[in-house]
Amino acid sequence: MRVLEETKKYRVDTEDEAIAAIQLFRDKADQNGYIVSKSTYQKKEKKAKGEILDSGYLVSITMVYARFWDLGD
């Protein structure tokens with residue numbers, strides 16, 4: 001059995017941190033043996049009665065380790 005791809009999600013506090021996290025995964029892709037096939041971030045806010053109680057950014061990274069038809073170990 002072989003892992004082909006995985007999607008991981010992270011929470012960060014600012015948009016700058018979200019952009020930096022995505023760039024970090026892209027920079028480390030070659031040395032860690034994957035390709036970043038998709039990366040997104042989205043602002044999330046927790047509200048109650050129209051008031052913002054908390055906010056953050058959801059960062060989603062999809063890493064591809066191999067394609068289905070790739071051969072080898």
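## Sheet, helix and aromatic pairs

Three strands make up an open sheet in the order E1-E3-E2, with antiparallel pairing. The strands E1 and E2 stand at its edges with a single partner strand each, so one side of each is left without a neighbour in the sheet. Direction ignored, neighbouring strands are turned by 20 degrees against each other on average.

The model is predicted: local features need pLDDT of at least 70, side-chain atom pairs count only at pLDDT 80 or more, and totals for chains, interfaces and linings use all residues. Residues are numbered from 1 along each chain as its sequence is written, and side-chain values use heavy atoms, with hydrogens and water left out.

Strands (E, at least two residues) and helices (H or I, at least four) are DSSP runs numbered from the N terminus; two strands pair if DSSP finds at least two bridges between them. Strands of a sheet pair through backbone hydrogen bonds, either parallel or antiparallel.

The two pairings are set out below.

| Pairing | Sense | Bridges |
|---|---|---|
| E1 (residues 5-12) with E3 (residues 51-64) | antiparallel | 8 bridges |
| E2 (residues 35-48) with E3 | antiparallel | 13 bridges |

Gln-42 faces Leu-58 of E3 as its opposite residue.

Helix H1 (residues 15-27) lies across E1, E2 and E3 and runs at about 160 degrees to E2. Such angles run from 0 to 180 degrees between N-to-C directions, with axes fitted to C-alpha atoms, for helices over the stretch in contact, where contact means heavy atoms within 4.5 Å.

A search of the whole structure finds 4 aromatic pairs. Rings of Phe, Tyr and Trp (its six-membered ring) pair if their centres lie within 6.5 Å; planes under 30 degrees apart count as stacked, over 60 as edge-to-face and the rest as tilted. One of these pairs is Tyr-34 with Tyr-65, whose ring centres are 6.0 Å apart with planes at 75 degrees, so the pair is edge-to-face. Tyr-34 lies in the loop between helix H2 (29-32) and E2, and Tyr-65 in the segment after E3, so the pair ties together parts that are 31 residues apart in sequence.

Tyr-34 is buried at 6% relative accessibility, whereas Tyr-65 is partly exposed at 31%. Buried means under 20% relative accessible area, exposed over 50%, and partly exposed in between (1.4 Å probe, protein chains only). Phe-68 and Trp-69 also form an edge-to-face pair, 4.6 Å centre to centre with 90 degrees between the planes. Phe-68 counts as exposed at 59% relative accessibility, and Trp-69 is exposed with a relative accessible area of 72%.
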